[in-house]
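Here's a quick briefing for anyone meeting this structure for the first time. Have a look at it below, then read on for the notes.

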Amino acid sequence: VKARKPDLVRRHLLQGAGALGALAAGRALSAPVGGTASLGLAELPDGTLAEQTLYALPGKLPLIKKTFRPPNFETPVEYFRTPITPNKAFFVRYHLAGIPQPIKAADWSLSVDGDSAERPLKFTLEQLKKEFQPAQVTAVCQCSGNRRGLFEPHVAGVEWGAGAMGNALWRGVRLKDVLARAGIKSGALEVVMDGADGPAIPKTPDFVKSLPIDVAMTDDVLIAFEMNGQPLPHWNGFPARLIVPGWTGTYWVKHLSSVRVVSAPEKNFWMSTAYRLPRGLFQTPTFKSQLYSPNEPITTMVVNSLVVSLKNGQQIQRGKPIDVRGVAWDRGNGIAKVEVSTDTGSTWKPAKLGKEHGRYGFREFSLSEPARESGSRVIMARATSNSGETQAEHLVFNPAGYHHNVIQRIYVEIV
Amino acid sequence: MRILGAVLLIASASALAQEDKVVLKDAPGRDKAQQCIACHSLDYIPMNSRFLDKAGWTASVNKMINVFGAPIAKEDVEAIATYLAENYGKPVNPK
């Protein structure tokens with residue numbers, strides 16, 4: 001590896017220099033919006049880079065537009081310099097184009113029923129807020145396919161870079177309290193969630209997801225109305241969405257309109273076919289009632305981190321510090337340590353961890369080291385959770401492009 | 001919640017009129033590929049380029065029809081997949 005390194009470094013640096021020159025020359029050749037090579041990660045498909053732009057949805061800041069309809073917008077990585085992601089910068093993901101226009105809170109209701117519910121109930125937003133104890137949790141919402149665009153070989157889908165995620169303080173009521181009000185029969189197996197969004201044409205399967213009943217009944221699973229102290233933005237699920245800390249974003253159903261407690265596994269397309277992984281490929285919890293085929297549903301996030309303080313190809317003055325800062329997160333075991341290497345992984349030093357914003361949230365880390373000698377360096381950061389899980393050296397390929405947590409390799413030049 | 005779908009779709013589509021600026025490459029078969037707009041904006045196509053070969057694009061089009069119920073005639077699949085492979089497909093002789 002070492003013998004090849006100078007060449008690789010030179011190539012990266014030349015690319016960096018080229019990008020700088022292009023900035024001066026004009027925008028036609030300027031660095032692409034939302035590229036991931038600049039993060040020391042694999043690059044997005046060339047077609048993705050050519051197509052994506054910054055675009056502001058109503059009420060949002062300019063985000064990286066992946067697709068207009070259904071709207072899929074990614075958070076630029078600059079917003080991960082703080083542990084809480086601003087609502088206006090929070091990523092947007094929809095599967096289907098039938099998106100409700102901003103719902104009036106007064107018109108919204110949530111139905112609770114199913115064959116394993118004792119009695120069907122319906123709640124208005126006011127009732128939910130008034131009749132149940134408030135609860136809150138800081139948690140990372142991350143799309144299962146965050147960083148899908150970095151897969152090699154590329155796989156079809158929304159070609160996300162590193163910003164299909166965000167961390168927020170979610171406030172609402174506990175799903176388990178609401179379910180308890182309806183009464184749960186002994187044979188309850190799953191809780192099925194549906195939102196007010198739907199397909200563009202009737203033949204397309206509606207986006208409906210389910211959770212194991214024991215997960216749905218944990219304290220941290222919320223029906224949230226608020227995000228960072230404000231009502232949920234329309235694009236993030238107003239007036240209410242499900243919060244499933246630790247689990248990937250696919251379960252965080254937006255514009256939540258129905259929860260059903262059921263005695264049989266939910267087998268619609270979005271459970272039986274989509275959002276599945278080869279069985280046993282990852283050390284994540286198993287969704288036991290959904291094991292009827294060779295694959296299994298994705299469940300919780302894998303441990304990951306993102307360095308946001310350095311760009312690939314960056315020059316650092318000798319004597320100045322190499323500042324390695326970013327955020328780390330996992331499925332809720334909490335971050336035990338983040339180690340940083342400034343020598344291509346030969347040696348690792350523990351970074352300083354920031355305040356813990358709950359075990360499901362982003363954990364900041366930082367390490368500063370003086371750049372003593374001229375030359376090229378490869379900076380890496382590796383998060384490890386309290387359960388001992390750590391980031392991947394190499395991509396764990398899977399056909400749908402989930403769970404990318406490959407360690408960044410950021411080339412910098414000390415000059 | 002499908003009842004509201006049709007009405008709401010019109011409103012949401014107009015909210016993002018920007019999608020009209022996504023134009024597919026002018027080449028034989030484009031008119032048939034335009035049918036994709038029934039369910040999604042056309043940027044899904046360039047976003048997924050250029051790494052799928054003809055078989056990959058054929059599989060994608062068939063998935064849209066068979067899984068998502070896209071209102072596309074079976075006899076159009078070949079023309080659409082050919083257009084996509086030629087204009088948004090994996091380069092045949094990558095440099």
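**Two helices in chain B**

Helices α4(B) and α5(B) cross in a right-handed way. Keep in mind as you go that this is a predicted model.

*How the helices pack*

- Two packed helices are described by the angle between their axes and the distance between the axes.
- Here, α4(B) covers residues 54-66 and α5(B) covers residues 77-88; the angle is about 135°, and the axes are 8 Å apart.
- With that angle, α4(B) counts as oblique to α5(B), because angles over 145 would be needed for roughly antiparallel and 65 to 115 for roughly perpendicular.
- On the α4(B) side, the contact is made by K54(B), W57(B), T58(B), V61(B), N62(B) and I65(B).
- Facing them from α5(B) are V77(B), E78(B), I80(B), A81(B), T82(B), L84(B), A85(B) and Y88(B).
- Sort the residues of this contact between α4(B) and α5(B) by type and you get nine nonpolar, three polar and two charged.

*Strand β5 and its partners in chain A*

- Strand β5(A), residues 109-113, pairs with β6(A), residues 121-124, in the antiparallel sense, over four bridges.
- If you want a spot to look at, find L110(A): its bridge partner in β6(A) is F123(A).
- β5(A) is also joined to β14(A), residues 256-262, by three bridges, and these two strands run parallel.
- For that pairing, look at V112(A), whose bridge partner in β14(A) is V259(A).

*A five-stranded sheet in chain A*

- Chain A also has an open sheet of five strands with mixed pairing, in the order β18-β25-β24-β20-β21.
- Its edge strands are β18(A), at 314-316, and β21(A), at 349-350, and each of them pairs on one side only.
- The partner of β21(A) is β20(A), residues 335-341: they pair in the antiparallel sense over two bridges.

- The size of an interface is often given as the accessible area lost when the parts come together.
- Chain A and chain B bury about 3,000 Å² between them, with 61% of it on carbon and sulfur atoms.
- Within chain A, the residues that lose the most area to chain B are F68(A), R69(A) and Q101(A), together 23% of what that side buries.
- As for head count, 39 residues from chain A and 32 residues from chain B take part in the contact.

Note on methods:
Residues numbered from 1 in each chain as written. Chains lettered and ligands numbered in written order. Predicted model: local features only at pLDDT ≥ 70, side-chain atom pairs only at ≥ 80, totals over all residues. Heavy atoms only, no water. Pairing = 2+ DSSP bridges. Axes fitted to C-alpha atoms, helices over the stretch in contact; angles between N-to-C directions. Parallel < 35°, antiparallel > 145°, perpendicular 65-115°, else oblique. Left-handed = near helix turned anticlockwise from the far one by under 90°. Contact = heavy atoms within 4.5 Å. Nonpolar A, V, L, I, M, F, W, Y, C, P; charged D, E, K, R; others polar. Buried area = accessible area lost by both parts, 1.4 Å probe.
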